[in-house]
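Open your viewer and get ready to select residues by number. We will go stop by stop.

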Amino acid sequence: MKPQNLSRLLTRIKGNSVTSNESIDYLHEVFEAFGPIRAQRMFGGWGIYHDGLMFGLYAQGRLYLKTDAHNVAQFEAAGSEPFTYMQRDKAVKLSYWSAPEALLDDREQARFWGRIAFEAALRAQAAKNKLKR
């Protein structure tokens, strides 16, 4: 199943087109059970943060969550796709995969997927800190 486009989902719910700001506002509701989030504009999208760490990315009308070797198989099994952009005519994949559609409607699913994405962000931060020593 292809990941749900958040902008299209909100348009269907509200009956009219939505702005990026409205989508970001909705993400605060989605992750309410997970904990407080903060959104920061970046590179034409938004970084989604929890406790000072970026665990999500909102770009191209979709929510992407942080992955690593420990959780990427769960995203693959859920039918998620990696965030990809073009750089010098070459596709570049980041360690963010599209959020499973269920989390947009189910706060417990949002808590689960938010937690495993945040844990990946924690592991990435720990690895960076280890390299700095």
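The tour below visits a hairpin, then some aromatic rings.

This is a predicted model: local features need pLDDT of at least 70, side-chain atom pairs count only at pLDDT 80 or more, and totals for chains, interfaces and linings use all residues. Residues are numbered from 1 along each chain as its sequence is written, and side-chain values use heavy atoms, with hydrogens and water left out.

Stop 1: Select residues 38–42, strand 1, and residues 45–50, strand 2. Strands are DSSP runs of E, at least two residues, numbered from the N terminus. These two run antiparallel and are joined by 5 bridges; strands pair if DSSP finds at least two bridges between them. Now pick glutamine 40: glycine 47 in strand 2 stands opposite. Between the strands lie 2 residues, and in this hairpin phenylalanine 43 has a positive phi near 45 degrees.

**Stop 2: a charge over a ring.** Select arginine 38 and tyrosine 49. Arginine 38 lies over the ring face, 4.4 Å from its centre. The rule: NZ of Lys or CZ of Arg within 6 Å of the ring centre and within 35 degrees of the ring normal.

**Stop 3: ring pairs.** Rings of Phe, Tyr and Trp (its six-membered ring) pair if their centres lie within 6.5 Å; planes under 30 degrees apart are stacked, over 60 edge-to-face, the rest tilted. The count is 8 aromatic pairs. Select tyrosine 64 and phenylalanine 83: edge-to-face, 5.0 Å between centres, 70 degrees between planes. Tyrosine 64 is in strand 4 and phenylalanine 83 in strand 5, so this pair ties together parts 19 residues apart in sequence.

**Stop 4: a cluster.** Select Phe31, Phe34, Phe55 and Phe118, which form one aromatic cluster.

Methods: Helices (H or I, at least four residues) and strands (E, at least two) are DSSP runs, numbered from the N terminus.
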